[in-house]
Amino acid sequence: MKKVLLGCLGVTLLLSSCVSSKKYADLEAKHKSAQDLLNSATVKLNDCLEEKATASSRLQTLEDQNSFLKANNQELINNMGNLTTLTTKGAENLEKSLESLQEKDLTIRKLNDAITRRDSVNLSLVQSLKGVLGNLDDEDIEISVEKGVVFVSISDKLLFSSGSYNVTSRAKEVLGKVAKVVNNKPDFEFLVEGHTDNVPYRGNGSLLDNWDLSVKRATAVVRILQNDFNVDPKRMTAAGRSEYVPISATEKSKNRRTRIVVLPKIDQFYSMIEEGMKDPAINK
């Protein structure tokens with residue numbers, strides 16, 4: 001009986017041992033599965049954390065870029081406002097510059113027109129002078145135009161004796177012809193210039209030097225024009241240049257001369273400009 005009981009107990013223990021091992025294996029398998037799941041979850045968590053960190057970094061970058069773009073956008077808006085202001089001012093300045101250029105161009109055209117008119121008058125004067133003096137020797141009388149001024153240069157040998165300021169009879173004939181032309185041009189004034197060579201004056205009278213001689217010759221011509229040919233004295237000026245405006249360094253005879261400088265009155269020249277301003281062709 002005792003042996004039977006021991007045998008039953010052993011069977012019971014054996015059965016109990018078999019059940020516990022199976023449960024352990026199941027538990028161990030479940031544990032391993034849970035551990036695998038945990039490891040997998042841990043890996044995924046780490047991946048998610050990395051992705052979160054990357055996304056956070058990108059988000060920060062995008063926020064910084066957004067702030068930068070907003071600031072640039074505002075700066076561009078401000079610059080556009082400034083550019084609009086500058087463009088408006090530039091357009092105004094350009095318009096003013098164009099107006100100024102147009103005014104200058106108009107002034108230049110009016111001045112050119114006045115100069116053309118003056119040159120036409122001078123040409124007419126030269127032709128008149130050459131017409132009345134055409135039969136005289138070219139070496140004694142020279143008519144020229146320089147810088148809009150008409151010059152009549154008469155040699156010393158035609159007008160005066162050596163060292164004298166008394167006008168010769170032949171010179172009076174020449175001056176009479178010049179007077180005829182200038183009397184027909186009442187809008188002109190003229191200057192009579194006396195010129196000598198550089199040989200010192202040796203006279204015994206009241207003249208001291210070539211200055212005195214050149215002035216005396218100029219005033220002698222002016223008196224002839226006034227007294228003998230009725231040229232208005234208000235239109236004439238007498239001046240002496242002595243030896244200091246020579247025209248030749250080798251031929252002294254060319255430097256001994258009397259020069260009549262014929263020029264329009266200043267107010268007449270301005271009148272030409274004013275007339276040009278009224279010309280419809282000029283004001284187009």
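Figure 1. The model is predicted: local features need pLDDT of at least 70, side-chain atom pairs count only at pLDDT 80 or more, and totals for chains, interfaces and linings use all residues. Residues are numbered from 1 along each chain as its sequence is written, and side-chain values use heavy atoms, with hydrogens and water left out. Here a pocket is an open set of points on a 1 Å grid over the protein atoms alone, with protein on both sides within 12 Å along at least five of seven lines; a 1.4 Å probe is used, and lining residues have an atom within 4 Å of a point. The space in this second largest pocket comes to about 210 Å³. That volume is the space filled by probe spheres set on the points, which are joined across faces, edges and corners. Helix 4 gives the largest share of the lining, three residues.

**Figure 2. Trp211 and Tyr244 form a tilted ring pair.** A pair of aromatic rings is described by the distance of the centres and the angle of the planes. Rings of Phe, Tyr and Trp (its six-membered ring) pair if their centres lie within 6.5 Å; planes under 30 degrees apart are stacked, over 60 edge-to-face, and the rest tilted. The count by this rule is one aromatic pair. The centres of Trp211 and Tyr244 are 5.4 Å apart and the planes meet at 35°, so the pair is tilted. Trp211 sits in helix 4 (residues 210-229) and Tyr244 in the loop between strand 4 (236-240) and helix 5 (252-255), so the pair ties together parts 33 residues apart in sequence. Helices (H or I, at least four residues) and strands (E, at least two) are DSSP runs, numbered from the N terminus. Trp211 is partly exposed, at 41% relative accessibility. Tyr244 is exposed, at 53%. The cut-offs are under 20% relative accessible area for buried, over 50% for exposed, and in between for partly exposed (1.4 Å probe, protein chains only).

**Figure 3. Arg241 and Glu193 form a salt bridge.** Such a bridge needs a side-chain nitrogen of Lys or Arg within 4 Å of a carboxyl oxygen of Asp or Glu. In this pair, the closest N and O atoms are 3.2 Å apart. Arg241 lies in the loop between strand 4 and helix 5, and Glu193 in strand 3 (residues 188-195), so the bridge ties together parts 48 residues apart in sequence. Arg241 is partly exposed, with a relative accessible area of 31%. Glu193 is buried, at 5%.

**Figure 4. Asp232 pairs with Lys234, and Lys254 with Glu251.** Between Asp232 and Lys234, the closest N and O atoms are 3.4 Å apart. Asp232 is partly exposed, at 28% relative accessibility. Lys234 is exposed, at 68%. For Lys254 and Glu251, the closest N and O atoms are 3.5 Å apart. Lys254 is partly exposed, at 43%. Glu251 is partly exposed, at 39%.

**Figure 5. Four residues are linked in a network of salt bridges: Asp156, Asp197, Arg217 and Arg256.** The protein has a count of seven salt bridges.
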